[in-house]
Amino acid sequence: MSTKGFELAGIRPVEEEKPVKRKWYEGKPLASILILLAITAGCAACQLFIPRDPSYMDLLNYNLAPCREFLFGTDSMGRDVFSMIWYGGRISLFIGFAATVISTAIAIVFGAVSGLGPQWLDTLLMRLTEILLSVPSLLFVILIQAVLGEASVLSISFVIGVTGWTSIAKVVRTEVRQIRGSEYVVAAKCMGGGFFHILWRHLTPNFISSIMFMVVMNVRSAIVAESTLSFMGIGLPLEVISWGSMLALSEKALLSGSWWLILIPGVFLVVTLICVTSLGNYFRRSANRSQSNL
Amino acid sequence: MKKSSVGYYGKKVLVFFFSIVILSLVVFYVARLAPGDPLVSYYGERAEKMKPQERAWAEKKLGLDAPIYVQYIRWAKNALRGDFGISFKYKRDVLEVIAARAGNTLILGGIGFVLIFGLSLLLGILCAWYEDRLLDRVICKVGTVTSCIPEFWLSLVLILIFAVYLHVLPSSGAYTIGKEEDLGDRIRHLILPMTIVVLNHLWYYAYMIRNKILEEVRADYVLLARAKGLNRRRILFGQCLRNVMPAYLSIMAISVPHVLGGTYIIETVFSYPGIGTLSYESARYQDYNLLMVLCILSGAAVILCNMIAQTINERIDPRIRAKEIMEESRVEYKGI
């Protein structure tokens, strides 16, 4: 009997999709990865090629426009911007990663406790995150920073990490609630698996893909937060060079019209952020999307 | 139905007040534990040269001598009567100080908010209509890039271009001194900050709406409508958009704090006299009473907006409620 007889009218013909062989690099944000790698490598190995000590103040050559001697010019304190860019990038990138590690760790533990715990605990913890979300994070950062005292690279990472975990925690909680009843979790519990064992061996591998995008985006927002804070004068002090603290001099630069002090660190910052974003989008993009009915 | 409604909103009101109390307690403690001398913000430079007796007298006068919890109770009692104390820096009633500035922020944030939502809906529809075609791709790319630019840097670049090099727009403030009543002058001062408020958020929400519409377009009823011969425009505007609206409204409600937080930074960059610059000053210079009211105001706005969003989701859009009930029962069943 042929299957033809059972074909229903109105059903879409299912097209056999041939597995298209894709080259390894297709669909991956190759350009962003390369640029990001170049910037990271340049920052990591900056001692090898930067021409001057970034904190040395050359009082004869201050506020110079980019020229052959000073590739990116000098700032109003006579420091060489080219050297500062690579040196400062180290600190900006480090803060981005450190803050993300802190906030992801808090988010995973918090979300898992909320997801695994009883109803009342869950409600309480989620209310707490809502209250935390309700204070503009800028104010919150200023307050915590005030408690911690003089800002350093580590304290800034801590502050940004501590204020940036709420949205990831919410996703973790939702995911955990959905898989907490699964047989393998129950089995692990029955065999006496502790909270951290279950979290690490059974829960994390399941929700890691759904928070990956947010984690990468967290790197981005941490770098933005650092530069914004340093720019406003409540982050890193001027002596600690980062892309943000370089921009803190921009008010003077506006008055003297020295565009290179504003544009150059900003362009590095923005290019890094764009690369990180496209990396994040790559994690989010679902492999196959269904066809539009419209 | 009526009774459950009362219970529903009653619970919301209770949660609201509870959250505000917790928030005020946290801010009160953190602010007072932070190092820094509130007397400096009241007496200026003089505070550093004060003798111990003078200090003690000043602290007593400002009500800073008691333990923190006593101070909190005192503050809460007065606050319930509508007396929030005086600002240390401005030496006026806190509410007066805020009222003088609130208008500016409301103009900046309010008009910005309306623009963001009108334009993002428009862009979202445009993108969804031309999905994966050139226009959609261009808008997506431009959007991703603009959403990556930190708002303070964008402000700097625009100031550099329009104020420093072209001399067409003012770089700071809300009006030129001596021209407070001149509407044109105010508008000129608003252009740059407003552009940044809008640019900074527009893309994010447009993208959200685009995705919501694209999700909706894949539903089966669209296929049915197509099969019946309705044209694309009527399906999109008459059916899909109506289904997207509740989600859109709740996104709008949730976005209020983001737009608000964005204006804080932009106000500081442009030295625009609004709530943002005021909060920044009060947090930096230990102006406790002012800080408390500002935190509570913005906190209340945020919590209120979240609640509105929740209510929209639960009450207006029955589909979401039904889905949640189904999911919950599934989870509970599995949990046993």
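Residues are numbered from 1 along each chain as its sequence is written, and chains are lettered from A in the order in which they are written. Because this is a predicted model, local features need pLDDT of at least 70 and side-chain atom pairs count only at pLDDT 80 or more, while totals for chains, interfaces and linings use all residues.

**View 1. Chain A has 12 helices and zero strands.** Here helices (H or I, at least four residues) and strands (E, at least two) are DSSP runs, numbered from the N terminus.

**View 2. Helices α3 (residues 81–116) and α9 (residues 195–232) of chain A cross at roughly 140 degrees.** Their axes come within 8 Å; axes are lines fitted to C-alpha atoms, for helices over the stretch in contact, and angles run from 0 to 180 degrees between N-to-C directions. α3(A) and α9(A) are therefore oblique to each other, the word for angles that are not under 35 degrees (roughly parallel), over 145 (roughly antiparallel) or 65 to 115 (roughly perpendicular).

Look for the contact itself, where C-beta atoms placed from the backbone lie within 7 Å. Among its residues are Ser92(A), Ile95(A) and Phe97(A) of α3(A), and Leu199(A), Val215(A) and Glu226(A) of α9(A). The contact residues divide into 11 nonpolar, eight polar and one charged. Ala, Val, Leu, Ile, Met, Phe, Trp, Tyr, Cys and Pro count as nonpolar, Asp, Glu, Lys and Arg as charged, and the others, Gly among them, as polar.

**View 3. Helix α7 of chain A covers residues 166–179.** Its 14 residues reach 20 Å from first C-alpha to last, close to the 20 Å expected at 1.5 Å a residue, where the expected span is 1.5 Å times one less than the number of residues. The buried residues of α7(A) include Ile168(A), Val172(A) and Arg173(A).

**View 4. Helix α4 of chain B covers residues 68–80.** The end C-alpha atoms of α4(B) are 18 Å apart, in agreement with the 18 Å that its 13 residues should span. Just after α4(B), Gly82(B) has a positive phi of about 90 degrees.

**View 5. Ser271(B) sits in the loop between α10 (232–269) and α11 (275–284) of chain B.** Most residues other than glycine have a negative phi. Ser271(B), however, has a positive phi near 40 degrees. Ser271(B) is exposed, with 12 other C-beta atoms within 10 Å.

Notes: Two residues are in contact if their C-beta atoms, placed from the backbone, lie within 7 Å. A residue is buried if 20 or more other C-beta atoms lie within 10 Å of its own, exposed if 12 or fewer, and partly exposed in between; C-beta atoms are placed from the backbone.
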